[in-house]
Amino acid sequence: MTINERIRAAVTPVIQDCVPGEYTGDNESYCTFDVIEMGELFAEGTAQVVVATVILHYYRPKNTNPNAVIAQLVRGIVAQGGTYPTITHGAEETMLEFELDGDAVGTV
């Protein structure tokens, strides 16, 4: 399973719309994500594993309580092998930053 597929597997049971980059739909609650990949465990000049730093943006209507949804997202992230995220709250957005390991080829 690719890193993008694992992110979506963690998020879509909670938030239906979850896309890399920019969201162009109409829902008030949705997620977007960015992935930064770094190769590790090099052998013969080739990365054997990729560690991906993921920044998940959870957007919601202003003045809503996001705690229950965030708890579900964290459970999904950890279930997909992600690290426990660093969580940053905003008025209409919560960012969850975490890491996932993936195969070196075709990870995204």
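## Asparagine 63

At 75% relative accessibility, asparagine 63 counts as exposed (exposed means over 50% relative accessible area, buried under 20%, and partly exposed in between, with a 1.4 Å probe and protein chains only). This is a predicted model, in which local features need pLDDT of at least 70 and side-chain atom pairs count only at pLDDT 80 or more, while totals for chains, interfaces and linings use all residues. Residues are numbered from 1 along each chain as its sequence is written, and side-chain values use heavy atoms, with hydrogens and water left out.

Asparagine 63 is not a glycine, yet its phi is positive, at about 65°. The residue sits in the loop between strand 3 and helix 2 (67–79); helices (H or I, at least four residues) and strands (E, at least two) are DSSP runs, numbered from the N terminus.

## Aromatic cluster

A pair of aromatic rings is described by the distance of the centres and the angle of the planes. Rings of Phe, Tyr and Trp (its six-membered ring) pair if their centres lie within 6.5 Å; planes under 30 degrees apart count as stacked, over 60 as edge-to-face and the rest as tilted. By this rule there are two aromatic pairs. In one of them, tyrosine 23 and tyrosine 30 are stacked, at 4.1 Å centre to centre with 20° between the planes. Both tyrosine 23 and tyrosine 30 are buried.

The ring centres of tyrosine 30 and tyrosine 59 are 4.9 Å apart and the planes are at 25°, so this pair is stacked too. Tyrosine 30 belongs to strand 2 (residues 30–43) and tyrosine 59 to strand 3 (residues 46–59), so the pair ties together parts that are 29 residues apart in sequence. Tyrosine 30 has 19% relative accessibility and therefore counts as buried, whereas tyrosine 59, at 24%, counts as partly exposed. Tyr23, Tyr30 and Tyr59 form one aromatic cluster.

## Negative patch

Glu40, Glu97, Glu99 and Asp101 gather in a patch of negative charge on the surface (patch residues have over 30% relative accessible area and no salt bridge, and like charges are joined within 9 Å; a salt bridge is a side-chain nitrogen of Lys or Arg within 4 Å of a carboxyl oxygen of Asp or Glu). Strand 5 (residues 93–103) gives the most to this patch, with three residues. Glutamate 40 lies in strand 2 and is partly exposed, with a relative accessible area of 35%.

## Valine 14

Valine 14 is found in the loop between helix 1 (3–11) and strand 1 (18–20). At 25% relative accessibility, valine 14 is partly exposed. Valine 14 and threonine 32 are 18 residues apart in sequence, and their C-alpha atoms are 13 Å apart in space.

Terms used. Patches are made of residues with over 30% relative accessible area and no salt bridge: like charges are joined within 9 Å, nonpolar side chains (Val, Leu, Ile, Met, Phe, Trp, Tyr) within 5 Å. Accessible areas come from the Shrake-Rupley method with a 1.4 Å probe; for residues, only the protein chains shown count as cover. Lys and Arg count as positive and Asp and Glu as negative; His and the chain ends are not counted. The place of a charge is taken as NZ of Lys, CZ of Arg, CG of Asp or CD of Glu.
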